[in-house]
Protein chains: 2
Amino acid sequence: MKAIVTVMLKQGVLDPQGRAIGQALHGLGFATVGEVRAGKVIEIDLAETDAEAARAQAEAMARKLLANSVIERFEIALA
Amino acid sequence: MKAIVTVMLKQGVLDPQGRAIGQALHGLGFATVGEVRAGKVIEIDLAETDAEAARAQAEAMARKLLANSVIERFEIALA
C-alpha cells in the first residue's frame with residue numbers, strides 16, 4: 001500500500017517560501033490570497049498490506065528522516 | 001476558505017529527490033520501501049466563501065504559477 005506523508009512547517013515558524021509564493025500570487029492579480037504555507041509531500045510505496053503496520057512504519061520514517069520535529073509537523077494518509 | 005494544492009512530478013518523470021529519500025530509508029533499515037515520489041504542497045488562505053469559486057481560483061494559480069504542467073500534475077483540496 002501507499003503512505004502519503006505531508007510535512008509542513010509548524011504554525012509560528014517563519015515560512016519564506018510560502019511568503020514568496022503569496023507575493024507572487026498577489027503580483028499575478030490574485031487579490032483574495034491571504035497567508036500561504038509551503039510544505040512537502042512524500043509518497044512511499046510499501047510492501048505491506050496491513051494498514052496499521054503501514055501507518056506505524058510511515059510514522060517511524062517521518063520521525064527518523066522525513067520531518068524535523070523541531071520546526072515541522074507531519075500527517076500520514078494511506079492509499 | 002483554504003485551498004491545498006499538491007504538486008507531484010508526472011509518472012515517468014525522473015524524481016531524484018524521491019529516489020534519494022528511498023535510498024536513505026533503505027539505509028535506515030526500512031526494507032519494505034518501494035518507489036518513493038517527492039512533491040510539494042501549498043496551503044493558501046483565500047478570502048472566498050464559495051467552494052466552486054475557490055477551487056477555480058486555486059486551479060488558475062496552479063496553472064499560472066505553482067505547477068509546471070510539462071512535468072508536473074496537481075490536485076486541489078479545499079478545507
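Predicted model: local features only at pLDDT ≥ 70, side-chain atom pairs only at ≥ 80, totals over all residues.
**Exercise 1. The side of chain B that touches chain A**

State which elements of chain B give two or more residues to the side that touches chain A, and which of them gives the most.

Solution. Step 1: the elements are strand 1 (2-9), helix 1 (16-27), strand 2 (33-46) and helix 2 (51-66) of chain B. Step 2: strand 2 of chain B gives the most, with 14 residues. Step 3: sorted by type, the residues on this side of chain B comprise 18 nonpolar, five polar and seven charged.

**Exercise 2. Extent of the interface**

Find how many residues of each chain are in contact, and what area the chains bury between them.

Solution. Step 1: with contact taken as heavy atoms within 4.5 Å, 30 residues of chain B meet 30 residues of chain A. Step 2: the area buried between chain B and chain A is about 2,500 Å². Step 3: carbon and sulfur atoms account for 66% of that area.

**Exercise 3. Symmetry of the two copies**

Work out what rotation superposes chain B on chain A, and through which surface the copies meet.

Solution. Step 1: chain B is superposed on chain A by a rotation of 180 degrees, with 0.0 Å of shift along the axis and an RMSD of 0.0 Å. Step 2: the two copies are therefore related as by a two-fold rotation axis. Step 3: in chain B, the residue whose C-alpha comes closest to this axis is K40(B), at 2.1 Å. Step 4: 100% of the interface residues of chain B are also interface residues in chain A, so the copies meet through the same surface.

**Exercise 4. Strand pairing**

Trace the strand pairings between the chains and within chain B, giving the sense of each.

Solution. Step 1: between the chains, strand 2 (residues 33-46) of chain A and strand 2 of chain B run antiparallel and are joined by 11 bridges. Here I44(A) stands opposite V36(B). Step 2: within chain B, strand 1 pairs with strand 2 in the antiparallel sense over seven bridges, and I4(B) stands opposite E43(B). Step 3: strand 1 of chain B is also joined to strand 3 (residues 72-78) of chain B by seven bridges, again antiparallel. V7(B) has F74(B) as its bridge partner in strand 3.

Definitions and conventions:
Residues numbered from 1 in each chain as written. Chains lettered and ligands numbered in written order. Heavy atoms only, no water. Buried area = accessible area lost by both parts, 1.4 Å probe. Helix = DSSP H or I, 4+ residues; strand = E, 2+ residues; numbered from the N terminus. Nonpolar A, V, L, I, M, F, W, Y, C, P; charged D, E, K, R; others polar. Pairing = 2+ DSSP bridges. Least-squares fit on C-alpha atoms with pLDDT ≥ 70 in both.
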